[in-house]
Amino acid sequence: MTDISLSFEPPLARIVLNRPERRNAISRAMWRALPAIKTAIEAQPEALVVLVEGAGGHFSAGADISEFDEVYKDAAAARDYGDSIQDGLRALMEIDRPTIAVLRGNVVGGGIALAIACDLRFCAADAYLAITPARLGLVYGHAETRRLVELVGSARAKDLLFTGRRIETDEALAIGLIDRRIETALLDTVLGYARGLAGLSQASIRGGKRAVDAIAAGLIVETPAFRALAEQAALGPDFAEGRAAFAEKRPACFAFRGATQAVPQA
């Protein structure tokens with residue numbers, strides 16, 4: 001669909017919200033497109049890092065309010081709409097390679113939900129951030145609320161949800177809502193960082209993502225599946241190449257492009 005696009009520019013995959021005339025408001029169809037986008041990215045072995053962006057001067061002003069009369073017309077419609085959002089957010093969270101949200105302009109409501117579903121957030125210094133369900137009488141869903149608490153803690157999450165206030169980017173950086181606050185050349189900074197990741201071991205990066213996500217989700221003891229992440233890496237081609245490159249004093253050329261699996265909680 002044209003309102004959300006996916007392009008491949010190896011080593012990058014780029015997801016672009018493409019409704020600049022609406023400040024990239026996210027429609028139900030756009031939420032529904034995310035699971036298929038995940039599948040398409042994971043089918044591309046040379047798409048090593050995923051960027052999530054907004055066309056024009058904004059990331060996203062949030063959910064498309066013009067749809068609300070339809071998507072909240074009754075209990076069945078509200079359930080279907082909520083499922084679309086949760087399925088879309090989970091798909092983005094579960095992509096097996098690094099995801100980076102590129103934040104500029106408005107980053108509001110559902111736009112924040114989409115951004116925090118990514119692994120990292122690089123943000124223009126003058127972006128406008130707000131988490132706004134209290135301005136509408138809504139409640140954030142499970143996936144986005146869980147991620148918000150993971151990032152900023154329960155008390156700060158309550159403050160941001162209770163007030164719906166503007167979050168200045170210096171505060172957003174200090175509390176962990178964003179990871180980089182960029183004064184100038186936002187996209188160049190993101191591209192440089194992403195290409196740096198692409199030159200490292202994807203076995204390490206993808207395994208590390210799975211490990212961190214499992215612990216953040218509540219895994220408190222090592223399981224066989226968790227241990228397997230480290231053991232598989234130690235026996236894999238990237239570690240052999242890394243050792244050889246270190247011994248030979250040359251840059252490593254890592255070859256791993258395989259799939260990784262989420263670590264179950266038990």
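**Close-up views of a predicted model**

**View 1. Strands S1 and S2 form an antiparallel pair.** Six bridges join strand S1 (residues 4–9) to S2 in the antiparallel sense; two strands count as paired if DSSP finds at least two bridges between them. Helices (H or I, at least four residues) and strands (E, at least two) are DSSP runs, numbered from the N terminus. A hairpin of two residues connects S1 to S2, and Glu9 stands opposite Leu12 in S2. This is a predicted model, in which local features need pLDDT of at least 70 and side-chain atom pairs count only at pLDDT 80 or more, whereas totals for chains, interfaces and linings use all residues. Residues are numbered from 1 along each chain as its sequence is written, and side-chain values use heavy atoms, with hydrogens and water left out.

**View 2. Arg14 and Glu53 meet in a salt bridge.** The closest N and O atoms of this pair are 2.8 Å apart, a salt bridge being a side-chain nitrogen of Lys or Arg within 4 Å of a carboxyl oxygen of Asp or Glu. The pair links distant parts of the chain, with Arg14 in strand S2 (residues 12–17) and Glu53 in strand S3 (residues 49–54), 39 residues apart. Both Arg14 and Glu53 are buried; buried means under 20% relative accessible area, exposed over 50%, and partly exposed in between (1.4 Å probe, protein chains only). The structure holds 23 salt bridges. A network of salt bridges links Asp3, Arg19, Arg22 and Asp64.

**View 3. Strands S5, S7 and S8 make up an open sheet.** The three strands follow the order S5-S7-S8, with mixed pairing. Strand S5 (106–108) and strand S8 (166–167) are the edge strands, each pairing on one side only. Strand S7 (residues 128–130) runs antiparallel to S8 and is joined to that strand by two bridges. Within this pairing, Ala130 stands opposite Arg166 in S8.

**View 4. Asp159 and Arg165 form a salt bridge.** The closest N and O atoms of Asp159 and Arg165 lie 2.7 Å apart. Asp159 is partly exposed, at a relative accessible area of 29%, and Arg165 is likewise partly exposed, at 27%.

View 5. With a relative accessible area of 18%, Glu241 is buried, whereas Arg250 is partly exposed at 31%. Leaving aside neighbours within four places in sequence, Glu241 is in contact (heavy atoms within 4.5 Å) with Arg250, Pro251, Ala252, Cys253 and Phe254.

**View 6. Asp96 lies in the loop between helix H3 and strand S4.** This loop joins helix H3 (75–94) to strand S4 (99–103). Asp96 counts as buried, at 2% relative accessibility. Its side chain makes a polar contact with the side chain of Arg97 (2.7 Å). A polar contact is a pair of N or O atoms within 3.5 Å; within protein, one must be able to donate a hydrogen and the other to accept it, and residues adjacent in sequence count only if both atoms are side-chain atoms. Apart from neighbours within four places in sequence, Asp96 is in contact with Glu42, Arg206, Arg210, Ala259 and Thr260.

**View 7. Glu70 is located in helix H2.** Helix H2 spans residues 68–71, and Glu70 is partly exposed, with a relative accessible area of 41%. A polar contact of 3.2 Å joins the side chains of Glu70 and Lys73. Leaving aside neighbours within four places in sequence, Glu70 is in contact with Arg28 and Ala77.

**View 8. The largest pocket is lined by 30 residues.** Of these, Met93, Asp119, Lys209, Asp213 and Ala214 lie nearest the centre of the pocket. The elements that give two or more residues to the lining are H3, helix H6 (142–152), helix H9 (186–198) and helix H10 (202–216). H10 gives the most, with eight residues. On a 1 Å grid over the protein atoms alone, a pocket is an open set of points where a 1.4 Å probe fits, with protein on both sides within 12 Å along at least five of seven lines; lining residues have an atom within 4 Å of a point.
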